Amino acid sequence: MSDKKPGFFQENQQTVVYAALTALVMVIYYQTIGFNFINLDDNLYVFGNQIVSSGVNKQSVQWAFTQFHAANWHPLSWISHMIDVEFFGQNPGGHHATNVVFHILNTILAFTVFQRMTGSFWKSAIVAALFAVHPAHVESVAWVSERKDVLSTFFWLLTMLAYIGFARRANTDESEGVASRLRRLWLSYLLVFALLALGLMAKPMLVTLPCVLLLMDYWSLERLRSFRDFPALVAEKIPLFALSAASSYITFIAQRAGGAMESFEHLPMTTRALNAVLSYAKYTGMLFYPAKLGVWYPYDRDFPVWQIAVGTLFVAAMTALSIWQIGRRKYLLMGWLWFLGTLVPVIGLVQVGAQPMADRYTYVPYFGLFIILVWGAADVFKALGIGKSIYFALFGLFIAGLTFAGYVQASYWKDNEILYKRTLAVTQRNFLISHNLCHHLTLEDRLDEAESFCKQSLADNPGYFEAYNTYGILLTKRKQFAEAEQKFKECLAIRPDYALAYSNMALAQILQGKPEEAEDSLRRAADLPGSPAPSIFITTLDDLASAYARKDNLAKAVDALSRLLFLAPDNFDARLKLALALFELKRYDESQAQVGELIRQTPEKPELYNFLGKILVEKKETAQAIPQFEKAIQLKPDFEEAKQNLKKAKGEK
């Protein structure tokens, strides 16, 4: 018997693996702490969302649970963004850091789950390392809006961990009293149910998790030994399936209400099915060769026959192999069905949005392929008589290569321009990204550069209404107001219910001196669902009032300013303009009321008391006017106009 003591690594290998996995994540993602938000969804989820930007409060939490914003219902993801706002405000670095922390936690959890599930320490470590560094996962981590991915996966893995505890407790503890055993089982099951519910409230991607739990019963937990065990195991999970069904229904309602779902007329089922088969093959290829990754891929309906044949053959062959090895190599069926099944909600059979596939969709499904790769390679090497050192060396090289590729891929997420130009370089006819780059450059007043991308977007997709709207904004900035109005009209010809285009067109009409037409456009914008933010209306109404004033139509100016103050009652400048317009119209009582409100808001402004005195003089209330002029002079002793007005009110020369 050897007295040799175990070395540091042997005694602390668990801790060493945790540290190594954390280091792998940090090598790739530490750079994101210095990255910006992007104008693709980050505006909807954080910096342009007034509710989220208000932080955590009763109203924002209620909104998170009751609204279908961004065509989704994921209240926990909304609340996580609100918590970030509480800590970091609108500093994007803090929001990125939270995503990185969750990715680290998910990586460590993945290692823990697979180790406890399979008892294989090093294979589990390799799976976790592949998960940590794969470039296809960059989108889920480096994109602030994809908090829902990293957060929901955190609960996904916790649910698996809790289920392992439940399953093993169900198979043991025979010596324990019946009542005590049932109570422990009930509490274990309740924990699984609660964690699944929390995950579904972060992202409905977890709807397939009950099926993965069944696969765990089959592969590693050894609870599904024959078909006779299947009905009981399914029945055991009925509450979990019911939870998934409820989440699926809510998601369907949310996405339909948000207009995110493509109709079968626009995208036939045959096209969807072909795309699904090709996507499965492409995702598998991306596992080994993660090149030309972009933030958004355009839908191509002209599938080459050879691609359809290869994709179909690949899916059929892998399915056949998994079934053939159902008894000897259970990990094949486990991994393949995990991969196929967890992609079902996003594979395009129910098409949401216009993209055929997305890198972020691999965040959980790739676990299935990792299982096949890691356990399969071990079997192949063993059959060929290749030593374990070669096995670990090859995976080490693979992980190192993926780490380098992941670092490079993450670097493209630094800001809008870098990300969009990279995506345009690796995709074709990408109308959405061309438009987003045009929008970004327009906001930076780089109008000549922006115009080429707007034109490219419309050339790639002449029916993309948002590109016409952005092009109109660009032309407005160039002071080409008539051309801008035409672009907004072209936008509305495609999407008549696009309220923002009506609002933008109103501004273009105002700047052309057409306030009557602008008022009609603004009214249409206000009447439509999803109307622009109040701040846009406020600005446009102010411009509208100025346009009417220039045309000496003070009554219309008063109407516009009154509507503005309904939206922004504390807008000092608008209320002062309204008071002046009412004074010019000799509507002295109304003007006096507005000045009185201004004095209530800002009681230290001498000009307001002078103005109020002038109104009272016009109303023949000279005795009441005198104290107002005196108050103005008291606040501003060198106020000459107020001094002259006071003399006149007293009848002095």
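Trainee: Which residues line the largest cavity?

Mentor: In this predicted model, the lining consists of Asp149, Ser152, Thr153, Trp156, Lys203, Met205, Leu206, Arg360, Tyr361, Tyr363, Val364 and Pro365. The space inside comes to about 60 Å³.

Trainee: What makes a space a cavity and not a pocket?

Mentor: The way out decides. In a cavity a 1.4 Å probe fits but cannot get out, whereas a pocket is an open set of points. Rolling a probe the size of a water molecule over the atoms shows where empty space is left.

Trainee: How many cavities of 30 Å³ or more are there?

Mentor: Two. The top contributor is α20, with three.

Trainee: How do the two linings divide by class?

Mentor: The largest cavity has seven nonpolar, two polar and three charged residues in its lining. The second largest cavity has seven nonpolar, three polar and three charged.

Trainee: Now the second largest pocket. What is its volume, and which residues lie nearest its centre?

Mentor: The volume is about 360 Å³. Tyr218, Leu224, Phe227, Ile326 and Leu333 lie nearest the centre, out of 13 lining residues. Helices α12 (209–219) and α17 (330–343) supply at least two lining residues each. By class, the lining has nine nonpolar, two polar and two charged residues.

Trainee: Which residues form the nonpolar patch on the surface?

Mentor: Val380, Leu384, Ile386, Ile390, Leu394 and Leu397. Together they have about 560 Å² of accessible area. Helices α18 (366–384) and α19 (388–411) each supply at least two of the patch residues. The largest share, three residues, comes from α19.

Trainee: Why is Leu397 called exposed?

Mentor: Leu397 sits in helix α19. Its relative accessible area is 62%. Exposed means over 50%, so Leu397 qualifies. Patch residues need over 30%, so Leu397 clears that cut-off as well.

Trainee: What makes Asp379 and Arg329 a salt bridge?

Mentor: Their closest N and O atoms are 3.1 Å apart. The cut-off is 4 Å, so the pair counts. Asp379 lies in helix α18 and Arg329 in the loop between α16 (305–324) and α17, so the bridge ties together parts 50 residues apart in sequence.

Trainee: Are these two buried, exposed or partly exposed?

Mentor: Asp379 has 27% relative accessibility, and Arg329 has 23%. Buried means under 20% and exposed over 50%, so both are partly exposed.

Trainee: How many salt bridges does the rule count?

Mentor: The count is 39. One of them joins Asp445 to Lys477, with closest N and O atoms 2.7 Å apart. This pair links distant parts of the chain: Asp445 is in the loop between α21 (431–443) and α22 (447–460), and Lys477 is in helix α23 (residues 465–477), 32 residues apart. At 52%, Asp445 passes the 50% cut-off and is therefore exposed. Lys477, at 35%, is partly exposed.

Trainee: Why does Glu485 count as buried?

Mentor: Glu485 has 4% relative accessibility. The limit is 20%, so Glu485 is buried. The side chain of Glu485 meets that of Lys514 in a salt bridge of 2.9 Å, N to O. Here too the pair links distant parts: Glu485 in helix α24 (residues 481–494), Lys514 in the loop between α25 (499–511) and α26 (515–527), 29 residues apart. Lys514, at 22%, counts as partly exposed.

Trainee: What joins Glu139, Glu146, Lys148, Asp149, Lys203 and Arg360 into one network?

Mentor: Salt bridges that share partners. Asp149, Lys203 and Arg360 also line the largest cavity.

Methods:
Residues are numbered from 1 along each chain as its sequence is written. This is a predicted model: local features need pLDDT of at least 70, side-chain atom pairs count only at pLDDT 80 or more; totals for chains, interfaces and linings use all residues. Side-chain values use heavy atoms; hydrogens and water are left out. On a 1 Å grid over the protein atoms alone, a cavity is a set of points where a 1.4 Å probe fits but cannot get out, and a pocket is an open set with protein on both sides within 12 Å along at least five of seven lines; lining residues have an atom within 4 Å of a point. Grid points are joined across faces, edges and corners, and a volume is the space filled by probe spheres set on the points. Helices (H or I, at least four residues) and strands (E, at least two) are DSSP runs, numbered from the N terminus. Ala, Val, Leu, Ile, Met, Phe, Trp, Tyr, Cys and Pro count as nonpolar, Asp, Glu, Lys and Arg as charged, and the others, Gly among them, as polar. Patches are made of residues with over 30% relative accessible area and no salt bridge: like charges are joined within 9 Å, nonpolar side chains (Val, Leu, Ile, Met, Phe, Trp, Tyr) within 5 Å. Accessible areas come from the Shrake-Rupley method with a 1.4 Å probe; for residues, only the protein chains shown count as cover. Buried means under 20% relative accessible area, exposed over 50%, partly exposed in between (1.4 Å probe, protein chains only).
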